[in-house]
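Colleague: I would like to learn how to read a model such as this one, going feature by feature. Could you take me through it?

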Amino acid sequence: MPVDETKRRALLDAIVETISAHAEELTEIDAAQGDGDHGLNMKRGFTAVMSKREAIVAKPLPEAMQEVGRTLVMTVGGASGVIFGTAFMAAGKALPEDPTRADAAAAMDAAVAAVRARGKADFGHKTMLDVLGPVAKALRDPAADIAAAALAAAEATAGMQAIRGRASFLAERSVGGMDAGARSAALIIVAICSAMGDRA
Ligand code: ADP
Ligand code: MG
């Protein structure tokens, strides 16, 4: 099944819906360790994306994803705009129009590499990278449940000490709560999986 315009619209709507439905939760998670604006930041970014919804979904998947990324970078004030925007742009650039699971794994690798470079972050630093990495790995295991892997990876950031992002200012006090960006990344992955249906 190709990722046609209807599918692209369903993908985008699923992402926006979950960010919107969880905005307060994301802000609460960020409030515990950051500055309590992550839900608002993500919502602002995806509201801007939705203002261009039809123009975006009219484009082939790689271009559509890159446009989502550019819009996030331009409209979200927080670190997450650059970080999530970079991830969407890099993944979009790496994807073919009709990706297989292996293509999705390669695109996730590209997103990981771009975020590592842009955010100077690595695995274990308690950021959204700690979701993207495990998701790339799950995509390479045909038996793995990608959505479940993403949610578990976000939960696992609770046990990490933040090395990047505002939570790093708290040093050892950053251990205990999930990373807000990791939770967002997991929600986005779950939304993509459900919109892709049996292909995910
Ligand atoms: P801000 O930190 O500017 O308030 P947000 O609250 O919207 O921005 O987003 C914070 C999230 O962004 C963090 O939870 C983390 O997942 C991610 N993040 C922040 N800095 C980095 C970085 N250097 N590398 C990767 N991810 C980062
Ligand atoms: Mg914040």
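Predicted model: local features only at pLDDT ≥ 70, side-chain atom pairs only at ≥ 80, totals over all residues.

Colleague: Is Asp-30 buried or exposed?

Modeller: Burial is read from the relative accessible area, with under 20% counting as buried; Asp-30 has a value of 12%, so Asp-30 is buried.

Colleague: Which ligand do Asp-30 and Asp-35 coordinate?

Modeller: A metal site is read from its donor atoms and their distances. Here the magnesium ion (ligand 2) is held by OD atoms of Asp-30, Asp-35 and Asp-37, at 2.1 to 2.2 Å, and along the chain these donors follow the spacing D-x4-D-x1-D. Because water is not among the atoms, a site may look incomplete.

Colleague: How many helices and strands are there in the protein?

Modeller: The protein has 10 helices and zero strands, and its radius of gyration of 15 Å is close to the 16 Å that the globule rule gives for 200 residues, so the protein is as compact as a globular protein of that length. Taken along the principal axes, the C-alpha atoms fill a box of roughly 45 × 35 × 30 Å, and 49% of the 200 residues count as buried.

Colleague: What span should helix α1 have, and how far apart are its end C-alpha atoms?

Modeller: A helix can be checked by comparing its expected span with the distance between its ends. Helix α1 (residues 5–21) has 17 residues and, at 1.5 Å a residue, should span 24 Å, which agrees with its end C-alpha atoms being 24 Å apart.

Colleague: Which residues are buried in α1, and what covers them?

Modeller: Among the buried residues of α1 are Leu-11, Leu-12, Ile-15, Val-16 and Ile-19, and also Lys-7 and Arg-8. The cover includes α2 (23–33), α3 (38–50), α4 (53–57), α5 (61–75), α6 (79–94) and α10 (180–196).

Colleague: Where is Ile-189 placed, and which residues is Ile-189 in contact with, leaving aside its neighbours within four places in sequence?

Modeller: Ile-189 lies in helix α10 and, at 8% relative accessibility, counts as buried. Leaving aside neighbours within four places in sequence, Ile-189 is in contact with Met-108, Val-135, Ile-146 and Ala-150, while Ala-149, 40 residues from Ile-189 in sequence, is 9.6 Å away from C-alpha to C-alpha. For the protein as a whole, residues 24 or more positions apart account for 66% of the contacts with a separation of 6 or more.

Note on methods
Residues numbered from 1 in each chain as written. Chains lettered and ligands numbered in written order. Heavy atoms only, no water. Helix = DSSP H or I, 4+ residues; strand = E, 2+ residues; numbered from the N terminus. Expected span 1.5 Å × (residues − 1). Buried < 20%, exposed > 50% of the residue type's maximum accessible area, 1.4 Å probe, protein only. Contact = heavy atoms within 4.5 Å. Donors = N, O, S within 2.8 Å, 3.2 Å for Na, K, Ca; no water. Rg over C-alpha atoms; globule rule 2.2 N^0.38 Å.
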